[in-house]
Amino acid sequence: MPALPRDLRALAGARRAVLGRKVLARGAAGPALSVADQALVSACNFATTIVLAHALGLEAFGLFSTAWIAVLLTVSLQLGLVVCPMISIGPGLGDEARPAYYAIVLVHEAAFLTLAGGAVAIGLALAFGDRALGLAAGVACGAHLAQDFCRRYLFARGRPPVVLGSMRSTRGSSSRA
């Protein structure tokens, strides 16, 4: 910043601070938080894969990868059957219809979690002849689907700061000048 009198620099700094708050209040933080969330999820997935490959060995990691493919299949089904319709329909609804719509989506998601977790557990137990593997994969499937849905649900409801662990949302909070 060029050499300005002290009062002018303070005024410029205050103006930037107010503009920054206005931009955040308008929801410009949402896309940035969405990218940050996806970067965090991708980094955690990469690190988990590295740790598992190192800890399990080649044969056990191959078994894990095969079981995880079933979980990823259910994630794809969840995206097509529950999440994508929720993301495209929900935000466009009026204020009166939105709570009822999201309540129905939550019921559908609970049913999908139960069916998908059970199907993965039974399918892998029968395919590999190992009940413990089937049960572990079914529970992992349910947990992964629930976590993935919750992230996307919060984004659809306009609460991206909550996704990253911030309990204070910019939506509905009063901006203090």
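## Arg131 at helix α5

Arg131 lies in helix α5, where helices (H or I, at least four residues) and strands (E, at least two) are DSSP runs numbered from the N terminus. Arg131 counts as exposed because its relative accessible area is 74%; buried means under 20% relative accessible area, exposed over 50%, and partly exposed in between, with a 1.4 Å probe and protein chains only. Arg131 and Ala121 sit 10 residues apart in sequence, and their C-alpha atoms are 7.9 Å apart in space.

A word on the model itself: it is predicted, local features need pLDDT of at least 70, side-chain atom pairs count only at pLDDT 80 or more, and totals for chains, interfaces and linings use all residues. Residues are numbered from 1 along each chain as its sequence is written, and side-chain values use heavy atoms, with hydrogens and water left out.

## The overall fold

Let's step back to the whole chain. The protein chain has six helices and zero strands, and reading along the sequence gives the pattern α-α-α-α-α-α.

Of its 177 residues, 24% count as buried. The protein chain exposes about 11600 Å², with carbon and sulfur atoms supplying 69% of that area; accessible areas come from the Shrake-Rupley method with a 1.4 Å probe, and for residues only the protein chains shown count as cover. Among contacts (heavy atoms within 4.5 Å) with a separation of 6 or more, 62% join residues 24 or more positions apart.

Gln78 is in helix α3, and it counts as buried because its relative accessibility is 0%. Setting aside residues up to four places away in sequence, Gln78 touches Val83, Glu109, Phe112, Leu145, Asp148 and Phe149.

One of those partners, Phe112, belongs to helix α4. Phe112 is also buried, since its relative accessible area is 13%. Beyond its neighbours within four places in sequence, Phe112 is in contact with Thr74, Leu77, Gln78, Leu81 and Leu145.

Thr114 is placed in helix α4, which covers residues 98-128. Thr114 is exposed, because its relative accessible area is 59%. Its C-alpha atom is 9.9 Å from that of Val139, 25 residues apart along the chain.

## The largest pocket

The largest pocket holds about 450 Å³ of space. Of the 19 residues that line it, the closest to its centre are Val41, Asn45, Trp68, His144 and Gln147. The elements giving two or more residues to this lining are α2 (29-56), α3 (58-89) and α5 (131-156); α2 provides the largest share, nine residues.

By type, the lining divides into eight nonpolar, seven polar and four charged residues. Here Ala, Val, Leu, Ile, Met, Phe, Trp, Tyr, Cys and Pro count as nonpolar, Asp, Glu, Lys and Arg as charged, and the others, Gly among them, as polar. For the geometry, a pocket is an open set of points on a 1 Å grid over the protein atoms alone, where a 1.4 Å probe fits, with protein on both sides within 12 Å along at least five of seven lines; lining residues have an atom within 4 Å of a point. Grid points are joined across faces, edges and corners, and the volume is the space filled by probe spheres set on the points.

## Cysteines

The count comes to zero disulfides, a disulfide being a pair of cysteine sulfur atoms within 2.5 Å. Cys141 counts as buried because its relative accessibility is 0%, whereas Cys150 counts as partly exposed because its value is 41%.
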